[in-house]
Amino acid sequence: MSQTTLSNLLHETRRFDPPADLAASANLKADAYAAADADRLGFWAAQAERITWDTPFTEVLDWSNPPFAKWFVGGKLNAAYNCLDRHVEAGNGDRVAYYFEGEPGDTRTITYSQLKDEVCQAANALIELGVKAGDRIAIYLPMIPETVVAMLACARLGAPHTVVFGGFSAAALRDRIIDCQAEIVITADGGNRKGKPSALKPAVDEAVKECPDVRNVLVVKRTGQDVDWTDGRDLWWDDVLGKQSTEHTPEAFDAEHPLYVMYTSGTTGKPKGILHTTGGYLVGTSYTHWSVFDIKPETDVYWTAADIGWVTGHSYIVYGPLANGTTSIMYEGTPDTPHPGRWWEIVEKYKATILYCAPTAIRTFMKVGAEIPAKNDLTSLRLIGSVGEPINPEAYVWYRDTIGGGKTPVVDTWWQTETGMIMISPLPGVTSGKPGSAMNALPGVVADVVDDAGESVPNGSGGYLVLKEPWPAMLRTIWGDDDRYVDTYWSRFKGVYFAGDGAKKDEDGDLWVLGRVDDVMNVSGHRLSTTEIESALVSHPKVAEAAVVGASDVTTGQAVVAFVILRASADGGGDVADDLRRHVSSQIGAIARPRSILVVSELPKTRSGKIMRRLLRDVAEDREVGDVSTLADDSVMGAITEGMQPAR
Ligand code: WT7
């Protein structure tokens, strides 16, 4: 983020107080901050009471071997039981768990008892396929109810799932399956996107060719499109589930039993398998869902408009909302299909009370114009949230005014795949929101901004965002790589978690998260690694060298801009850009496709050979190039800007 944007942000003086009625009936009141400060672990023990434990825990936190945490030591529970059975047992089986809206307009209303029955059938089916506690299962599905069923069936059996976003390529899916040695893949023929069926099964077929551990592929029929079939390996979901009993007795697992692995991009090429475990994750997601969204399960209709393939979906479409017995909306498709007002039609149709989405979506709606949401009645909304990237004050105010009718609080929530739960956010009934600021660490969470030496910075200054105390939903490690876990998060500053983000404390001590300070980009709220895209580019025969930067983009936050040096043998004409974009899509996924590809003759490097992405970002953002004194050859930047040509 540029210095001007930064100072604009910090001069933002607008304040939005919580509405009086929300403040009066808020789930979490201001006294929670002091209570949590006075006895943090006691506060978390109290939050753990939202969960039904089969065996109570004996210790809240074991931090005797940092940074390897054990939360709710000795406790045993079943995550699926907590999300489903206990609500049915409490007499709430007829409450709607999901209003599902398919992109073509098909709908399904699923109650808690129906969901429980389906999850039991799926669990029984997986048992028949030989799945045992601890086995890993990959899920590569569109946004349909079966995705939740599959996840909870895994959780019920203690078989950690790894959900791979349907937009990832076969190669990316293969790498994830191999990394966590998944034995079963659950997929679909396809899903509906942008008005047409989009196939998933071919990517699975290609991926599992190189995954000898995969013995079965379960296929949900969603679009009805043709699929290739491998007899003995491939099974239709309906065939194996249909014959199963709707009864299954859940087994209680240790609080630290692995719940899932979610892959995310780091600063090196290889994605990191972020491991979340059962007890702490459920406590953390249910507590934050209840407090940040002020959930009233009897009356709210809650909508996280994100994909389950990302952590936002895991924590706030599946585990948090279900643990809290909430009614949620699940939408399969794109926001503008078949018309640009689809989301607002859905809000009106189901009378959504809470909406949670990414700033990218909000900025896109701003571009399309306020007359689109004006066509629908959005007055059911009482609270709206934002996640995934910094929200600029303009987008925040537009969101509040145009979608929230000028009355709903906006909660700008900062967190990460690694944190598992929201960490920094206003409390809707307590905090006077400032547009653009995530405000304060939630009660129970300790965040700070530190300088290079790890010292806390005074109000009015910027630095690195850190988390100073462990929290229940924290990642436990990187799957199969404890050293990388320690190195990535716990080594930059002694004894504290380094998030990888820059942040600023304003004069009031409120937090403004500014974006990544490492080689990680954020495109439309999706995390991408510059080095991962660079390795994809150099694996193409035409490319000799590549450097990728995230350049500011008014809609997507950042956009991928690639600088490439072509091999002498490559003919510079033709469709180099097209070829390279396609190649990146096939290596990683369409989300990683560069917006621009610029052919250059040299790349700016330090004397030790490190690419100076900062200078390339200046070029990509059309600014005067900054300090070049540490370049090995300071004439390089001139050569780059003069000779640069967009690849055709
Ligand atoms: C990165 C984490 C959290 C679920 C979705 C993304 C950025 C996230 C905010 C926010 C400013 C934010 C950070 C963070 N980020 N929320 N409210 N304000 N930046 O999860 O893919 O793990 O990405 O997203 O840079 O480190 P993720």
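How many aromatic pairs does a search of the whole structure find?

1. The search turns up 36 aromatic pairs. Pairing here takes the rings of Phe, Tyr and Trp (its six-membered ring) with centres within 6.5 Å; planes under 30 degrees apart are stacked, over 60 edge-to-face, and the rest tilted. Bear in mind that this is a predicted model: local features need pLDDT of at least 70, side-chain atom pairs count only at pLDDT 80 or more, and totals for chains, interfaces and linings use all residues. Numbering runs from 1 along each chain as its sequence is written, and side-chain values use heavy atoms, with hydrogens and water left out.

2. Have a look at Trp 44 and Tyr 287: the ring centres are 5.1 Å apart and the planes sit at 85°, so this one is edge-to-face. It joins distant parts of the chain, with Trp 44 in helix H4 (residues 40-47) and Tyr 287 in helix H11 (residues 278-292), 243 residues apart. Helices are DSSP runs (H or I, at least four residues), numbered from the N terminus. Both Trp 44 and Tyr 287 are buried, meaning under 20% relative accessible area with a 1.4 Å probe, protein chains only.

3. Those two rings also belong to a cluster: ring pairs link Phe 43, Trp 44, Trp 53, Phe 57, Trp 71, Phe 72 and Tyr 287.

4. Then there are charges over rings (NZ of Lys or CZ of Arg within 6 Å of the ring centre and within 35 degrees of the ring normal). Arg 176 lies over the face of Phe 168, 4.4 Å from the ring centre. Lys 221 has its charged end over the ring of Trp 236, at 4.7 Å from the centre.

How values were computed:
Helix = DSSP H or I, 4+ residues; strand = E, 2+ residues; numbered from the N terminus. Buried < 20%, exposed > 50% of the residue type's maximum accessible area, 1.4 Å probe, protein only.
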